[in-house]
Structures are given as C-alpha cells and as structure tokens.
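Here are some short notes on how this chain is held together, for reading beside the model. They cover salt bridges and nonpolar cores.

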Amino acid sequence: MFTADNMRYLLELSRTGRLADAAKRLDVDQTTVSRRITRLEKDTGTRLFDRGASGWQLTEAGRRLIPYAESVESTLLAALDVTSSAAPGALTGTVRILTPDGFGAFVLVPGLAAVRTEHPDLFTELVTSTTHDVLTGRDFDIAVTLERPSPRSVVVRKLADYDLRLYASRHYLDTHDAIASIDDLRTHTLIWYVDAFLDVEPLRILDRLLPDFRAQIQTNNIAGHYQAVKHGVAIAPLPSYIGALDEDLVPVLRDDFIAHRTYWLVVPRELTRLARVKAITEALYSIVDGNPELRGAAG
C-alpha cells in the first residue's frame, strides 16, 4: 500500500545516499530503511534507486518522486510547527544553521542575543564549515554559503557582501620589513587555510595574488588566522568585519589587496514555510543590517 510515510524514507536516503546515514536520521535500523524502499518500489512498480559501491543513487523515476516527497515533508513540518508552539505566536523547536566559521563566530553568534530575547523557547544549532560540499547532506534548516548553489531543491537569496583585506598587527609592522607591493609579501609570514582542504573557490585568493606561493602557516579555522595576526605571528586575509573592528590591526596594501565576496542564504525548499525558519531568516538579515562592515542584500 502506497503511504506518505514511505516517502520520508525515499527523501532521507536520497539526501544521504547511504542506508546507515538515512537510518540514523530516521532513528531506525538499516533493515527498516531497506524494507521501506523495497515496499515503495513495489507499490510504484519501478526501481527508485540504483545500488552501487558509491551508495544509493536515485533513478530517473526516483527523481520524479522527490518534489512530492518534499511536499509531504513540508506539510507535516508545518503542521508540527503549529501544534507544538507553547503559546499562540510562540516559537519552539530547533533551527540548525550551517555557516562559514568566520560569519558564524564573529557575526552570527554575537547577534543571537536578540533572537533569544524574542524567542526564548527556540533553540539554535550552529554548525561551522568552510568546504565545497557542505550542502551535500542537507542536514540543515538554513545555510550561509560563499558559493551560490543550484536552486533545484533549495531557495537561494543573497544575504550580504563583504570585503577580504590583508591585515597585520601594529607590532608586526613595527618589527618587520616594510610592505610596499604584493611581491614584498613573499618575504613575510602569511597564514591561510590548509591548501589540501581549501576547495571553496571564493577563498582561493592567495593563488591568484601570489602565484607559486604557499602560506607558511596553515589552519582550517579563521579564528586561528585572527589570533595569529593579533599576536604578531603572521599576516592574513581577514574579512573586514573582523579586522576593521580590532584597533590593534592595520590593513596592509589597502589599495592593492582587496577581494569582494558574497554570502548566500540557502533554505531547503520544503522548509521555507516553517515559522521558526522564517524567524531565523529575518534575524539573519537584521544582524547583517546592524553590522557596519557588511553590505546587506538591499545595500
């Protein structure tokens, strides 16, 4: 018998591509996931997944079912959103936000105070990552990304523009050779992301500005970049929303080293109607508007 519940299994397995991951997210065992998919394939009279060494991949017939499965999920989530509120107008539940580490730590977290005041029963989970495949698992309610994803199953809106500039501490500049050109940077210590893990194209700025140059210190965390600059260990490209707000830091090569970048707001299409997702989305735009170093979508 064809049931909406089996569509949940189709949806989760399509997102994860692996029985173990889908089972974990559905809080069942792998046998249950496999059995539900087999049942759904029998009901529809067609194969919905190709099973291979690389995981479970949707067939064309399976892909055609996804919009309907997402519609079922959206309706159920919206109903839960309404019935679980503690009081009329109150928001409960959890919103998971996926974001680059710099935006998450230096912009979003400080701005959550207003969200807590307005929605005290709403929980937020902040997951930071700066990799190309952060959206693959779809294990988020809202994502902030540096690369604009395909809008096939998500709604994408521009969140903000920002600038990456080169910063050094006053102490570093006082105790090291002067920097008059981009090429002078080759004799200085730079810190940036780990080359082997940096697959986000908007962040590959050192490759273009200093060809054949490798940062002497590499860490996959912007907090490490900031601390290295602040303590006079190295020079680093930093978002101006970090560097410009620290009086100990000075922009280096102000006119020669600047990269304009964009943050995109991404929401799975089936979650756009949820009140708690709408509330956090509005809060993100408000946080951006209140930051002097971010240019909002309307700016």
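**Notes on salt bridges and cores**

1. The model is predicted.

2. Within helix α1 (residues 4-16), Arg8 and Asp5 sit three residues apart, about one turn of the helix. Their side chains form a salt bridge, with the closest N and O atoms 2.7 Å apart. Arg8 is partly exposed at 32% relative accessible area, and Asp5 is partly exposed at 31%. Both residues also belong to a network of salt bridges that includes Arg36.

3. Glu12 forms a salt bridge with Arg25, and the closest N and O atoms are 3.1 Å apart. Arg25 lies in helix α2 (residues 19-26) and Glu12 in helix α1, so this pair ties together parts 13 residues apart in sequence. Glu12 counts as buried because its relative accessibility is 11%, and buried means under 20%. Arg25, with a relative accessible area of 30%, is partly exposed.

4. Arg96 and Glu125 meet in a salt bridge at 2.8 Å, N to O. This pair links distant parts of the chain: Arg96 is in strand β3 (residues 93-99) and Glu125 in strand β4 (residues 122-128), 29 residues apart. Arg96 has a relative accessible area of 26% and is partly exposed; Glu125, at 33%, is partly exposed.

5. The largest nonpolar core has 62 residues, of which Phe103, Leu159, Leu185 and Leu203 touch the most other members. Another core, of 20 residues, lies apart from it and includes Met7, Leu48, Trp56 and Ile66. In soluble globular proteins, nonpolar side chains tend to be buried together.

Note on methods:
Residues numbered from 1 in each chain as written. Predicted model: local features only at pLDDT ≥ 70, side-chain atom pairs only at ≥ 80, totals over all residues. Heavy atoms only, no water. Core = buried A, V, L, I, M, F, W, Y, C linked by side-chain atoms within 4.5 Å. Buried < 20%, exposed > 50% of the residue type's maximum accessible area, 1.4 Å probe, protein only. Salt bridge = Lys/Arg side-chain N within 4 Å of Asp/Glu carboxyl O. Helix = DSSP H or I, 4+ residues; strand = E, 2+ residues; numbered from the N terminus.
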